[in-house]
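Here is a friendly briefing to read with the model open beside you.

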Amino acid sequence: MRTNTIFRLRLAHLLFGMMFWYGIEQLFLNKYLHTASARGYLTIAFTASLIVFDIPGGILADRLGRKTALLLGCVAQTAGIIILGSSDSLTQYLIGVVVFGIFISLMNGAAQALLYDHLALSELSGTYGKLQGSMYALFLIGAGIANLASGFIAHSLGLRAPFFLSIIPSIMAFVLLLPIAEPPLSKAAAKWYAHLGVVLREIRAHPRIMVYGVQFMVSELVLLTIGEFGQIYILSFGVSTIALGVLWSIDAMFAAAGRLWAHRMQNRPHLTLVLYCAAMLCFALTRSALGIVLFWVVYGCNEALANIAEAHIQAETKSSVRATLFSTVSFMGNVLAIPAVFLFNHLYVTHSITRANLTASLAAIGILLLTAVFTKRLGRSSPTTT
């Protein structure tokens, strides 16, 4: 039964990723929204929706069930796609982004907690890092497949077609998750505010959660700045609609490779940080189309960093607050992302995308080097043996 549940959960992630509009979204924005700042507005709206719904989504998953949260997430994903694909104005598109953010908030934390608890029941929690990496890699592979097709779909059927075709995998994921089994939830605090109090005590009691939480937050900040504006960067080299979909699909494959590779580096976090910072610096200083390749490398390293940090966080967290705590870490990262995206968008609009990438890269490198000092002081940890 547990094997079947994990299989369904992993396959659902493949379907969650098959959003055919990811690869051509910037072209859709350019055609229908007519503002150079649209990407910045949308990223801020998306981040704000995560700030509002991330922790409630985690509480819902911990108190009412991870399966319930995932099924509600499927409904929100479908609704968000319909609103996005039918948009003719920035306001309507922003509403769709917020609804899609609810989907991410419900899935984020619930899926990881469900996987970890199933593994813990079989005394296999040490394999979490590897399995979570492969599960999220399937999400990215699904995105890669969809991105590859997106340019061809948009070229043949128009820019709205990729959105509406994305409804199909979302409904399939809902059907796939309906029969999954869920382990009994650990007893949670009676009141939601007491539940949050347990989460905060967990964070204070485990310095590793704070340090690796910062690393996870940096990976989110990079994703919401350099990553979210990545299509603008690629389009700055004059690529076509089909080429954009293909290049964006390669980006997703590098991200999937980073997730699959992460567990091999789980107990060598400092080496991962060195490779990540080196790749980011090279990308930020490159002024030619070679930067697209380096962007792929950075994206892959960013996913590896996120996976490693997440595995350490999960290993330090008790089951009763597992989804809420991870949602809290995401919440804090998203709060920081709002001013970061404002600054990034300002640099892009007033200077260039390369100036914005350089500023974000140097800031991320500086923060990660500081966390390396703290992880060294905390000593070596090994979530693969937890």
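Predicted model: local features only at pLDDT ≥ 70, side-chain atom pairs only at ≥ 80, totals over all residues.

**Helix H13**

- Helix H13 covers residues 241-262, which makes 22 residues.
- From its first C-alpha to its last, H13 reaches 32 Å, close to the 32 Å expected at 1.5 Å a residue.
- The buried residues of H13 include Leu244, Leu247, Trp248, Asp251, Ala255 and Arg259.
- Glycines are also found in the buried set of H13, namely Gly245 and Gly258.
- These buried residues pack against helix H2 (25-32), H7, helix H11 (207-227), helix H12 (230-235) and helix H15 (290-315).

**The largest cavity**

- The largest cavity holds about 990 Å³ of space.
- It is lined by 45 residues, and Phe46, Ile104, Tyr136, Leu223 and Glu228 are the closest to its centre.
- Elements that give two or more residues to this lining include helix H3 (38-64), H5, helix H6 (110-121) and helix H16 (322-350).
- H7 supplies the largest share of the lining of the largest cavity, seven residues.
- Sorted by class, the lining of the largest cavity has 24 nonpolar, 12 polar and nine charged residues.

**The largest pocket**

- The volume of the largest pocket is about 230 Å³.
- Its lining is made of 14 residues, and Leu221, Thr225, Ala340, Ala360 and Ala363 lie nearest its centre.
- At least two residues of this lining come from each of H11, H16 and helix H17 (353-378).
- H17 gives the most to the lining of the largest pocket, with six residues.
- By class, this lining has 12 nonpolar, two polar and no charged residues.

- Val99 is in helix H5, residues 90-107.
- Is Val99 buried or exposed? Val99 counts as buried because its relative accessible area is 18%, and the cut-off for buried is under 20%.
- Not counting residues up to four places away in sequence, Val99 touches Ala76, Ala79, Gly80 and Ile83.
- Val99 and Ile83 are 16 residues apart along the chain, and their C-alpha atoms are separated by 8.6 Å.
- Leu50 lies in helix H3 and is buried, with a relative accessible area of 4%.
- Leaving aside its neighbours within four places in sequence, Leu50 is in contact with Gly101, Ile104, Ser105 and Asn334.
- Along the chain Leu50 and Ala337 are 287 residues apart, and 11 Å separates their C-alpha atoms.

Terms used
Residues numbered from 1 in each chain as written. Heavy atoms only, no water. Helix = DSSP H or I, 4+ residues; strand = E, 2+ residues; numbered from the N terminus. Expected span 1.5 Å × (residues − 1). Buried < 20%, exposed > 50% of the residue type's maximum accessible area, 1.4 Å probe, protein only. Contact = heavy atoms within 4.5 Å. 1 Å grid on protein atoms, 1.4 Å probe; cavity = no way out; pocket = protein on both sides within 12 Å on 5 of 7 lines; lining within 4 Å. Points joined across faces, edges and corners; volume = space filled by probe spheres on them. Nonpolar A, V, L, I, M, F, W, Y, C, P; charged D, E, K, R; others polar.
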